[in-house]
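Welcome! Please keep the sequence and the 3D view at hand as you read.

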Amino acid sequence: MSTTETGIDTRSAPWLCDPYSQALANGRGPLFLRRPDGWMLRLDVERWCGETDAADESVLERSEGDTLDAGCGPGRMVVALAARGRTALGVDMNPVAVSRAVEAGGRAVCASVFDPLPGEGAWRTALLVDGNIGIGGAPGDLLARMREVVLPGGLLIVETAAHEVHECVTVQVTDGRGEPGAPFPWARLGLQALRRCARGAGWEWSEAWQVRGRRFAALRAPRGNPTPGRVCPAVTA
């Protein structure tokens, strides 16, 4: 699907903006998240649009049962799970991303993770990889939401930043050339910040690991599913 076939105004909406949609359609960057102070985080579009690598495989090997990938992008994780005979669903706000995931053989829906989702409360595993712990700019709220998505005792696998950081900031998607997308809140967490936020949201820490410079943590939802908290203080900008 091209950026002109979506039927959606992509000029200013976060994650629907032309630079992001075009990068997904092309399968390559450059693409960045830009803070108001000019600092930019490069987004690895080529990896997202490629096949799973060793770091991805370490996540897939740990996932259990039916799996939901929040912010699935072009769907390499759900496609890999489907190839293994696993039930998997991707969720992404961008129709180009969802179209790519479906065309590659995965299942995906165009929605926000905060929308009502298929199978909500019954997923054995949920994924927040490729920086998606940043969704919404409030990690405590996102982690609490993921408690609602998985079943009691379910697993959440989170990819963190490669270094220790805890920031909730305003960013824009840009290719560094044309008009950027609209400002929106985003967050970045290192492992220790994630541990604090996970505790505040009622998750139990299971393990952490690193592959090819990418860091991950596995969290376990307690059985009995008590009401999750949303405590996760951060540096803001």
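Two strands pair if DSSP finds at least two bridges between them. Helices (H or I, at least four residues) and strands (E, at least two) are DSSP runs, numbered from the N terminus. With that in hand, strand 10 (residues 204-211) and strand 11 pair in the antiparallel sense over seven bridges.

This is a predicted model, in which local features need pLDDT of at least 70 and side-chain atom pairs count only at pLDDT 80 or more, while totals for chains, interfaces and linings use all residues. Residues are numbered from 1 along each chain as its sequence is written, and side-chain values use heavy atoms, with hydrogens and water left out.

**Around strand 11**

- Strand 11 covers residues 214-220, and five of its seven residues are buried (under 20% relative accessible area, with exposed over 50% and partly exposed in between, for a 1.4 Å probe and protein chains only).
- Strands 10 and 11 form a hairpin with two residues between them, and arginine 212 in the turn has a positive phi of about 55°.
- Strand 7 also runs antiparallel to strand 11, joined to it by six bridges; here isoleucine 157 stands opposite alanine 218.

**Helix 5 and its neighbours**

- Helix 5 spans residues 95-103, and its buried residues are Pro95, Val96, Ala97, Val98, Ser99 and Ala101.
- Those buried residues pack against helix 1 (18-26), helix 4, strand 4 and strand 5 (108-110), where contact means heavy atoms within 4.5 Å.
- Asparagine 94 caps the N-terminal end of helix 5, with a side-chain oxygen 2.8 Å from the backbone nitrogen of valine 96.
- The side chain of asparagine 94 also makes a polar contact of 2.9 Å with that of serine 21 (a pair of N or O atoms within 3.5 Å; within protein, one must be able to donate a hydrogen and the other to accept it, and residues adjacent in sequence count only if both atoms are side-chain atoms).
- Serine 21 belongs to helix 1, and it counts as buried because its relative accessibility is 2%.
- After helix 5 comes glycine 105, with a positive phi near 110°.

**Pockets**

- A pocket is an open set of points on a 1 Å grid over the protein atoms alone, with protein on both sides within 12 Å along at least five of seven lines; a cavity is a set where a 1.4 Å probe fits but cannot get out, and lining residues have an atom within 4 Å of a point.
- Grid points are joined across faces, edges and corners, and a volume is the space filled by probe spheres set on the points.
- The largest pocket has a volume of about 880 Å³. Of its 41 lining residues, Trp48, Asp130, Gly131, Asn132 and Trp186 are the closest to its centre.
- Strand 9 gives the most to this lining, with six residues.
- The second largest pocket holds about 170 Å³ of space, and its lining residues include Trp48, Cys49 and Arg100.
- Helix 4 (residues 76-83) gives the most to the lining of the second largest pocket, with three residues.

**One cavity**

- There is one cavity of 30 Å³ or more, and the largest cavity has a volume of about 40 Å³.
- Among the residues lining the largest cavity are Leu33, Trp39, Glu167 and Trp186.
- Strand 8 gives the most to this cavity's lining, with three residues.
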